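This briefing is meant to be read beside the sequence and the three-dimensional view. Please keep both at hand.

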Amino acid sequence: MILGEPVHVRVSATRKEVLVRVTDRGPGIPEEDRERVFEPFHRVEGRAHERGAGLGLAIARGFATANGGRLWLETREGQGASFVLALPLVELPASVSAGA
């Protein structure tokens, strides 16, 4: 992704989970880096926009897992990338859903 380029965010739900999909139109993620991008301090080399410490996706995946969810990458090199966060739906007690 080039800095300043828009990303698209789509939220949907199934009976069991909420899905948040963030998609860019960048160069995609090379195959050898697709799982490694979730490792702490890993950054994809050779990108003009290389910034940060390489912790964001590791933290996000940890958050997802700690809450019973998942975070994964869908990409085709040269065609952008989508990061998908899936979190389980839970039923709230009546007192919470009533605004109490």
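Through how many residues does a hairpin join β1 to β2? The hairpin that joins β1 to β2 runs through three residues. The structure is a predicted model, in which local features need pLDDT of at least 70 and side-chain atom pairs count only at pLDDT 80 or more, while totals for chains, interfaces and linings use all residues. Residues are numbered from 1 along each chain as its sequence is written, and side-chain values use heavy atoms, with hydrogens and water left out.

**Overall architecture**

- The protein contains two helices and four strands; helices (H or I, at least four residues) and strands (E, at least two) are DSSP runs, numbered from the N terminus.
- Along the sequence, these elements follow the pattern β-β-α-β-β-α.
- Of the 100 residues in the protein, 26% are buried; buried means under 20% relative accessible area, exposed means over 50%, and partly exposed lies in between (1.4 Å probe, protein chains only).
- Among contacts with a separation of 6 or more, 47% are between residues 24 or more positions apart, where contact means heavy atoms within 4.5 Å.
- The protein exposes about 7100 Å², of which carbon and sulfur atoms supply 56%; accessible areas come from the Shrake-Rupley method with a 1.4 Å probe, and for residues only the protein chains shown count as cover.

**Strand pairing**

- Strands β1 (residues 8-13) and β2 (residues 17-23) pair in the antiparallel sense over six bridges; two strands pair if DSSP finds at least two bridges between them.
- Within this pairing, Arg10 stands opposite Arg21 in β2.
- Strand β2 also pairs with β4 in the antiparallel sense, over seven bridges, and the bridge partner of Glu17 in β4 is Pro88.
- Strands β3 and β4 pair in the antiparallel sense over six bridges, with Glu74 opposite Ser82 in β4.
- Five residues lie between β3 and β4 in their hairpin, and Gly78 in the turn has a positive phi of about 85 degrees.

- Val9 in strand β1 is exposed, at 57% relative accessibility.
- Val9 and Val20 are 11 residues apart in sequence, and their C-alpha atoms are 7.0 Å apart in space.
- Leaving aside residues up to four places away in sequence, Val9 touches Val20, Arg21 and Val22.
- Val7, Val9, Val11 and Val22 form a nonpolar surface patch with about 320 Å² of accessible area together.
- Patches are made of residues with over 30% relative accessible area and no salt bridge; like charges are joined within 9 Å, and nonpolar side chains (Val, Leu, Ile, Met, Phe, Trp, Tyr) within 5 Å.

**Ser82 in strand β4**

- Ser82 belongs to strand β4 (residues 81-88) and is buried, with a relative accessible area of 10%.
- Its side chain makes a polar contact of 2.7 Å with the side chain of Thr23; a polar contact is a pair of N or O atoms within 3.5 Å, and within protein one must be able to donate a hydrogen and the other to accept it, while residues adjacent in sequence count only if both atoms are side-chain atoms.
- Beyond residues up to four places away in sequence, Ser82 touches Arg21, Val22, Thr23, Trp72, Leu73 and Glu74.

**Salt bridges**

- Side chains of opposite charge can pair when their charged atoms come close.
- The structure holds four salt bridges, each defined as a side-chain nitrogen of Lys or Arg within 4 Å of a carboxyl oxygen of Asp or Glu.
- One of them joins the side chains of Glu17 and Arg70 (2.9 Å, N to O); this pair links distant parts of the chain, with Glu17 in strand β2 and Arg70 in strand β3 (residues 70-75), 53 residues apart.
- Arg70 is partly exposed, at 42% relative accessibility.
- Another salt bridge is formed by the side chains of Arg21 and Glu74 (2.5 Å, N to O); Arg21 lies in strand β2 and Glu74 in strand β3, so the pair ties together parts 53 residues apart in sequence.
- Glu74 is partly exposed, with a relative accessible area of 35%.
- The side chains of Arg61 and Glu35 also meet in a salt bridge (3.1 Å, N to O); this pair links distant parts of the chain, with Arg61 in helix α1 (residues 56-66) and Glu35 in the loop between β2 and α1, 26 residues apart.
- Arg61 is partly exposed at 23% relative accessibility, whereas Glu35 is exposed at 52%.
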